[in-house]
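Biologist: Can you walk me through this one? I'm new to reading structures.

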Amino acid sequence: DKSSITSHSFTVLWDPPKGQSEFDKYQISINLRRPGSVAPILRNREEPTEQTFKEGLEPGLTYHVLVKTVSGKVTSWPAAVNVTLKPLPVKDLKSVIDNRSNDVTLTWRPDNSSFQEEYKISYTEVGVLNGDTNTMMTDKTEHVLESLLPGRNYSISVQAVSNSVESKAEICYQATRPSSPVIEDLKPIEYGLNISWKSDVNSRQEKYEVIHQRNESGLKSVTTVTTEPHLLLTNLYPGAGYQIKVFAISHSLYSEPHDYFQAVYPKPPTNLTLENVTSNSVVVRWIEPVDSIYSEFSIRYRTEEESRWYKLPPVKRTMTEAEVVDLTPGEKYTIQVNTVSFNVESARPLVLNHTVRPNPVTDIAPLVDSTNVTLEFPRPEGRIEYYIINWSPLESNGEEIVQRTRNMTGKGTEGGSVRALVEDLMPGVKYQFDIRTVSYGLQSDVTTLSARTMPLILSEVLVVNNAHLTDTVTLRYTPTPQASSHFDRYRFSLVGAGDTSGHGALIKEKGANETESKVTFSNLTPGRLYNITVWTVADRVLSQPLHRQDRLYPEHITKINATQITDTLITLTWDKPPGEYNAFEVQYLNTEGILIQNLTQEETITINELKPHRNYTFTVVVRSGMEATILRKSLPISAVFITQESIPGKVEKFDPIDVQPSEITFEWSLPNSEQNGVILKFTITYGLESSYHTQNKNFKADDFRGTIRNLLPGKTYVFSIQAETRVGYGPEAIWKQKMPILAPPKPSDQVVPTEVCRTSTTIQIRFRKNYFSDQNGPVIAYTIIIAEDDTKNASGLEMPSWRDVQAYSVWPPYQVLEPYYPFKNGSVEDFTIGTEDCEGKLTGYCNGPLKGGTTYRVKIRAFTTSDKFTDTHYSFSIQTDQDTTPLIIGITIPSAIILVLLVVVLLLRRNKILGRKPTENRTNDTLSLPDSIIETSRPIRLENFAEHYRIMSADSDFRFSEEFEELKHVGREQPCTFADLSCNRPKNRFTNILPYDHSRFKLQPVDDEEGSDYINANYVPGWNSPREFIVTQGPLHSTRDDFWRMCWESNSRAIVMLTRCIEKGREKCDHYWPYDTMPAYYGDISVTILNDSHYPDWSITEFIMARGDTQRVIRHFHFTTWPDFGVPNPPTTLVRFVRAFRERISPEQRPIVVHCSAGVGRSGTFIALDRILQSLNHGADHVDIFGIVWAMRKERVWMVQTEQQYICIHQCLLAVLEGEDNQTPPREIHHNQGFEDDEGIAESGM
């Protein structure tokens, strides 16, 4: 029962069990906060179902009550309830207000005999419906109320709370101060003040109290109470200042006051007058007021048209006059004088008006033309309404002088200029002008000036000059009519267009009445542009100028010289002509008849892209000016020069006109425009496709048809033709042709198979390999045709077999066996016809037995392809023996014995051949052996080297050949993966000279571009470092940028070049360095020749190599006399070159870039010799040439490529050891004309 809950008791009610239930009584239990157990309370079933608890309870605590039914000793499940008693009220509730912030601080203390969890604080506005109300909770015994509204009376209650059960409220009352009012308006009036204010919208007040007191008067303050937010104070002293305070009052509490100070209007001065008036100032006087307080006088003024006042500095109260200065002429001013007290001016100031006389016009500048005069002058300072202008002529010419007048508005920006236009005047006449200004009806002083109008010029002027008189110009003109204008003479001026000062002007004058109407100027500068001006003149007044501009013809040159003539360019020079000019125009006709024009500003020009061996007529014209500024050209001067011969152009129409299996006939032509000189011959170079071995055949210069013979039928050849002049070979024209294969030529009728022996069922025949020529293609197979009746056709490809002819009584021609090739080991074949048993063989050809006692004829069929063949004529008749079995047995047994002996002989011969394997097969066996097993080093002591060389070179260098053969496959098993990528193949000069992956030089990649790190180059060991050399191919035109990038990124300081750019008419290496001293750019690297030294067999050039702001010096060593075939002769030339190289390059300057054409043969020879010479300089007592070459070949393919180069290294060392390396007579050197140079072998793929 919630209504029964007090601070010390409560009553519990319950309902009996629902439905039927057998029980005796109720058991009621409660948990009490005291020691010892509390016995349950028992009530009979019939007693009321309620229980009141009064004893042992504490205020604010929560109790748990259980009610059960009891039957005997068994109890039911309990019904439970929680009950919280009311806590006791708080004590000593107090409130304290902060007068500044209006915050109220509440304090109290709890009843110690009660339990509470927190406190509930409530406040509400007393006596106000829907007033300010709020509730809050706290667990402290002190609380600050910060959000109370000003000017209110609050009822504040505090309750103790336990488990949401509240105690009786403890109440106190507290009023808040109202907010301070804010004065909105405080205006002075005559003899009083008008005050209004406003209050905070959240503040409530009952009334206002206003206190005012006169400043520094000693009078008491006056208090006024009002309920309105405004007040009018009257009967105050004029000019006096008052201190004003306004309070708000609520529940007898005063707000903070709002203070304000304000003065009352003072009385104005009297009797305002003007004195001492000047053009820009005036003095004002007045009488001071009485019975009024004032501190100073205020003077203001403004113009009639302005609303803004200009205020003078305040005037002391003891002064009764002031000067107003800097007045604007022509303006009408209003001047005001007033009294001031505490910055308050009186309400009735004194006012008067004054107008200043306008300023006159000054500094008039007349702007004259033929019929008008514009009078331009600075606008006079001040206000001007309009100008009055009068004018009249000063020269009457017998006519009446009439003065004319006009008014002009005075508008304009002050400080700007004014223009007054006077029209309809007579040209060349002098006039007088009078000008005055007007403002508010006042006129200024008069300003007078005189001016003459410009005379007219109505003449036409013609400029006459020509190319033969380059320093003279004549001006022709038509007279100006005197009736149109008054003037005295003509004036002519001639000045160079670049003479801006005009000091160099040439002046000439002609009288107005002179009859000759032309003027000539002489001794002028040829080619110069002149400005020509013509005027008429009246008493030193010039008319408008008549302008012309013309340029004199420039002077021509005298002679053309050629300082350089090559096959494609001619450098021309000529003398410098007098006078002025802009450029020289060089003209010539090209080979197509098109006129070519080149411009240059120098006295020289180089004409490029000319055709070799051509006559060219060059014409030089001097140009002065441009099309936009009058272009004049001098007389032309010409000269004829012929270009030098060059290599011819590409042969045209290189086509075969007859193709046979072993020969081909070509027809070609070379137009005159492509001959580029005197043609010496045509050379056709040909070779098998994919082979680097080629042959040449020369033809006369007037031959345009030629035949190449001794070709291999069925093979694909590449033919190229080049024309040759004295300079060299021209570009190739290429034709690829697969040679046809035809049936073999028909042998003569005498060439037939012959009988060897015969039986009753067989015939043994003999035929030879030379029965058929390979002229139409190699014979690849043979078969045999036999006929009993040779009159039948036997020319078809598909011939009958032995089985097919069994149905005939007389056998027609049939094929004995499938085509085969019998001449692998010999040139004679003996074949027996009729040796097979064909009973079980149902398909194909079968060599079945012949008929006994029958006459046959035999022929041989030779095939060049499976379907092209030729037969011999039939043999003479051959008759088989009669079929006699004993005779057969007698022949068979001896034949078998002979056959066995023949097989034995053949086996013995085969074993002998197998026992004599060629050297190549032996060396091939070493291809897969590890280096630990293969002999990689063969050192020779130096004292034994001469004898070693003698032994090696004996028997036509037999042992050199054997030793060099053992190097053939060194390193060849190593991969060249990167070189064979599709993006890198075009960068290789030769398809079979590729760098190994493990030792290749890697460029810095460029923007993730595939293959940008690749160049055909490898690191190769030297004496000082395993990476002392970078060996590369001769750069292609497309890879020379990569070549210089490799030199830069490797920080190389030396390049060794061992080939010429062109050898045997073929490019071996691109000319990858500059041709002259001008910088050449290769990608982002510039190369400039620093100096160049030439020797009989080599040249040394120093380059400056620059990238960005970084520069390096790199030396270029070029060995120029390595012959097209063989090796240097004498070999000591190469020794001297290596030593010259080492004198300039120290061992620390590495890596060194070395290249020839392929970058293997000559390069390997150079490096091997450098290593040997350095080892000798360091005191070595032995040398290992074999080991040096072996080590180089492990890093790059085919280093020291030919046997001849290998021998040359030995010869160089021998010459050094014998002291012959410094002798000039050539030593005999092994030379094998069968060998080509190393690059030639690289091309052929050997």
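Predicted model: local features only at pLDDT ≥ 70, side-chain atom pairs only at ≥ 80, totals over all residues.

Biologist: What box do the C-alpha atoms fill?

Modeller: Roughly 185 × 165 × 85 Å, taken along the principal axes.

Biologist: And what share of the residues is buried?

Modeller: Buried residues make up 45% of the 1246 in the chain.

Biologist: What about contacts between residues at least 6 apart in sequence? How many of those join residues at least 24 apart?

Modeller: 65% of them do.

Biologist: New topic. Which UniProt annotation covers residues 1132–1207?

Modeller: The record, an unreviewed entry, gives "domain: Tyrosine specific protein phosphatases" for that stretch.

Biologist: What does the chain look like over residues 1132–1207?

Modeller: That stretch is 61% helix and 8% strand. Its end C-alpha atoms are 13 Å apart.

Biologist: Now the empty space. How do you even find it?

Modeller: You roll a probe the size of a water molecule over the atoms, and that shows where empty space is left.

Biologist: Which residues line the largest cavity?

Modeller: Glu 190, Tyr 191, Pro 238, Tyr 265, Pro 266, Lys 267, Pro 268 and Arg 348. That lining divides into five nonpolar, no polar and three charged residues.

Biologist: And which residues line the second largest cavity?

Modeller: That lining is made of Ile 1015, Asn 1016, Thr 1032, Gln 1033, Pro 1035, Thr 1039 and Phe 1043.

Biologist: Let's pick some residues. Where is Val 315?

Modeller: Val 315 is in strand E28, which covers residues 315–316.

Biologist: Is Val 315 buried or exposed? And why?

Modeller: Buried, because its relative accessible area is 11% and the cut-off for buried is under 20%.

Biologist: What does Val 315 touch, leaving out residues up to four places away in sequence?

Modeller: Val 315 touches Trp 286, Glu 296, Phe 297, Ile 299, Glu 321 and Ala 322.

Biologist: How far is Val 315 from Leu 42?

Modeller: They are 273 residues apart in sequence and 111 Å apart in space, C-alpha to C-alpha.

Biologist: Okay, His 948. Where is that?

Modeller: His 948 is found in helix H3. It counts as buried, at 17% relative accessibility. Leaving aside neighbours within four places in sequence, His 948 is in contact with Ile 940 and His 1210.

Biologist: Last one. Where does Asp 1013 sit?

Modeller: Asp 1013 is in the loop between helix H3 (945–965) and strand E73 (1017–1020).

Biologist: Which residues does Asp 1013 touch, not counting those up to four places away in sequence?

Modeller: Asp 1013 touches Arg 1000, Phe 1001, Lys 1002, Leu 1003 and Pro 1005.

Biologist: And how far is Asp 1013 from Trp 802?

Modeller: The two are 211 residues apart in sequence. In space, C-alpha to C-alpha, Asp 1013 and Trp 802 are 70 Å apart.

Definitions and conventions
Residues numbered from 1 in each chain as written. Heavy atoms only, no water. 1 Å grid on protein atoms, 1.4 Å probe; cavity = no way out; pocket = protein on both sides within 12 Å on 5 of 7 lines; lining within 4 Å. Nonpolar A, V, L, I, M, F, W, Y, C, P; charged D, E, K, R; others polar. UniProt positions renumbered as here; feature names shortened; annotations may be inferred. Helix = DSSP H or I, 4+ residues; strand = E, 2+ residues; numbered from the N terminus. Buried < 20%, exposed > 50% of the residue type's maximum accessible area, 1.4 Å probe, protein only. Contact = heavy atoms within 4.5 Å.
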